Each structure stands twice: as structure tokens, then as C-alpha cells.
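Load the model in your viewer and keep the selection panel at hand. The tour below goes stop by stop.

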Amino acid sequence: MLREWARGATELTGASSSFSAHPAKQKQIASVKIIDKILEYFEKEFKIDARGYRPQEVDKFLDMVIRDYAEYNSIIKKLDKDLKDLAEDNSKLKQEVRFLKEQLDAIFEDIFPDSVKIGMVSSSKLIDVIADRLKFYSAKNIVVDPVMVATSGSALIKTDAIKTLVSKLLPLATLVTPNIPEAEILSDMKIAGKEDMIKAAEFIEKSYGCSVLLKGGHSIKDANDLLCENGRIIWFDGKRIDNPNTHGTGCTLSSAIASNLAKGLSLTKSVEKAKEYISKALMAGLDLGNGSGPLMHNFDLKPKYIV
């Protein structure tokens with residue numbers, strides 16, 4: 001039985017020749033040295049003649065050696081694949097970082113934007129690049145929609161990306177527009193009502209140095225939003241509109257605010273006009289495709305050249 005196991009061990013260690021009991025052929029197989037060591041170990045530990053006899057205990061031990069070797073080999077192969085995947089991901093991220101920097105430089109050096117709206121950025125390194133370029137060009141009217149949590153409740157960005165967002169991007173922002181779950185992350189407090197919304201908004205403004213529009217429609221059972229600007233609290237009341245197609249309302253709201261700031265409106269007026277725009281876009285009742293569709297962004301366009 002030991003010779004059969006030795007033959008298997010020889011194959012595992014990569015020898016092409018099969019194991020032979022003949023001493024002359026044993027010397028031709030490099031892996032025999034390993035087997036000899038195992039045999040010596042048996043003689044020493046179990047005090048038996050391992051070359052001529054193998055008791056049940058040794059049987060079990062050898063089975064364990066073979067099983068552990070196979071498991072170890074499997075782990076090594078998986079680790080090797082993971083390391084290759086990681087290297088590939090890092091290479092792609094480096095390309096994305098360089099490309100993003102080139103994109104931002106191309107924009108700011110050609111037609112300087114009057115406002116900037118930033119949505120979901122899942123990578124810490126990409127947030128670093130954005131913050132660096134915004135600071136370099138002294139960008140103004142920066143609106144950050146901190147997309148962190150999906151409607152299902154699952155996290156959309158990593159913890160290190162959130163840390164970079166609050167430490168480097170929010171201090172540059174004019175306004176941050178979190179919903180209730182996102183505000184809970186930024187303020188590290190539970191929000192269950194209007195008083196909690198006020199406390200959270202004040203904390204976020206004080207901590208990160210930007211105004212806050214805390215959107216109440218996500219968890220609070222109304223559509224009232226709260227603006228905290230320089231310590232001043234302003235409520236924007238809104239009624240819930242019976243329309244299941246609300247996909248992208250948060251993104252649209254922050255983009256509308258940024259557009260109004262670019263036109264020269266005050267922050268308060270920009271939020272007021274953006275809220276009005278969102279409400280009417282929802283009231284238009286666009287219904288496209290399956291599931292939760294988009295609101296009707298072009299409800300107010302008057303097609304002069306379309307018959």
C-alpha cells in the first residue's frame with residue numbers, strides 16, 4: 001500500500017517515471033528523496049518499520065497528507081488567479097484615472113463650465129482625481145449628489161471611497177444633496193423625522209463645509225426637502241405625485257440645481273426652481289418600458305420645427 005501511495009506521491013511531485021521497488025530505479029526518480037523522508041518520519045514518530053509494514057494509523061495519516069496537498073494546491077491556484085485578477089483591475093484603474101484626468105483637463109481648458117454636477121463615483125482614486133482637478137481649476141458652483149445607497153438598500157460605493165468623498169470632495173462643494181439613507185451615513189445618526197433631518201443637515205454642513213439639501217421623500221412619508229445654508233434652515237414643501245416612474249429623480253434634481261446656479265440664480269432660488277421642475281416632470285406621467293421608468297424631462301419643450 002505504501003508503494004502505491006509512493007507512486008501517487010511521485011506523480012504529485014512531478015516525476016514522469018513510475019515508482020519502482022528496485023533500488024537502481026529509485027535513484028533515477030528525484031521525488032524518491034521526498035518519499036524516503038516520509039518513511040524515515042514514520043520510523044521515528046511511529047516506531048515502526050515503515051518500509052515493510054503500514055498500520056491503519058499510517059493509512060489515515062497518508063490519506064490526510066494527500067487530501068491536504070490537494071486542498072493546498074487548489075488554494076494556491078485560486079490565490080494565483082485572484083492575484084492576476086487584482087493586477088488586471090489595478091491596471092484598468094490606472095488607465096481610468098489617467099483618462100478621467102485628461103477628460104477633465106480637456107473640458108476646463110476649452111469651455112470653462114459655469115457649474116459642475118457630480119453623481120456616483122465608486123472609486124477612491126477617481127474621486128481623488130476629480131477633487132484635484134476641481135481645486136486646480138478653482139471650479140465654482142459644484143453640486144455633489146452622493147450616490148451611496150441603491151433603492152434596494154445595498155451599498156453602491158466602498159468605505160474608502162466614502163472617506164475620500166467627505167474629506168476631499170465635499171469641502172469643495174457648494175451643495176451636497178443626500179437622501180435620508182445617505183444623510184444617515186454622512187452624519188452617522190438615525191433620521192426618523194423632521195427634527196432628525198435638521199440635526200443631520202446642520203451636522204453635515206458644519207463637518208464638511210458645504211450647504212446641504214436633505215431630500216425627505218425617501219424615508220419620510222412626504223416630499224418635503226430641507227436646505228441648510230450657512231446655518232439657515234429652509235423647508236421646500238412638496239406633495240407626493242402618484243407616478244411609479246421615478247427613476248433618476250435625484251440625479252435630475254441635482255442637475256437642475258447645478259443648471260440654475262450656472263444661470264446665476266441664488267442657491268435658494270436654484271433649489272426652488274429645480275423642485276418645481278421635478279414635480280411637473282413627474283406630473284407629465286411618462287410611461288416607458290417595464291419597471292420604474294424615467295420622468296419626462298422634456299415636458300416643457302415647445303417643438304417649433306416639428307410638425
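**Stop one: a helix crossing**

Select helix H7 (residues 180–187) and helix H8 (residues 194–208): their axes cross at roughly 50° and come within 9 Å. This is a predicted model. Look at the handedness next: H7 passes H8 in a left-handed crossing.

Now show side chains. On H7, pick Ile180, Ala183, Leu186 and Ser187. On H8, pick Met197, Ala200, Phe203, Ile204 and Tyr208. Together they make the contact. Colour by class: the contact of H7 with H8 has 8 nonpolar residues, 1 polar and no charged ones.

Move to helix H5 (residues 124–136) and helix H6 (residues 159–169). Their axes lie 8 Å apart, and the packing angle is about 10°. Angles under 35 degrees count as roughly parallel, and H5 and H6 are therefore roughly parallel to each other.

Which residues of H5 meet H6? Select Ser124, Ile127, Asp128, Ile130, Ala131 and Leu134. Their partners in H6 are Asp160, Ala161, Thr164, Leu165, Lys168 and Leu169. Colour by class again: the contact of H5 with H6 divides into 7 nonpolar, 2 polar and 3 charged residues.

Go to strand E4 (residues 211–215) and select Ser211. Is Ser211 buried or exposed? Ser211 has a relative accessible area of 8%, so it is buried. Beyond four places away in sequence, Ser211 touches Thr174, Leu175, Val176, Glu205, Cys228, Glu229, Asn230 and Leu267.

Technical notes. Residues are numbered from 1 along each chain as its sequence is written. This is a predicted model: local features need pLDDT of at least 70, side-chain atom pairs count only at pLDDT 80 or more; totals for chains, interfaces and linings use all residues. Side-chain values use heavy atoms; hydrogens and water are left out. Helices (H or I, at least four residues) and strands (E, at least two) are DSSP runs, numbered from the N terminus. Buried means under 20% relative accessible area, exposed over 50%, partly exposed in between (1.4 Å probe, protein chains only). Contact means heavy atoms within 4.5 Å. Axes are lines fitted to C-alpha atoms, for helices over the stretch in contact, and angles run from 0 to 180 degrees between N-to-C directions. Angles under 35 degrees count as roughly parallel, over 145 as roughly antiparallel, 65 to 115 as roughly perpendicular and the rest as oblique. Ala, Val, Leu, Ile, Met, Phe, Trp, Tyr, Cys and Pro count as nonpolar, Asp, Glu, Lys and Arg as charged, and the others, Gly among them, as polar. A crossing is left-handed if the near helix is turned anticlockwise from the far one by less than a right angle, and right-handed if clockwise.
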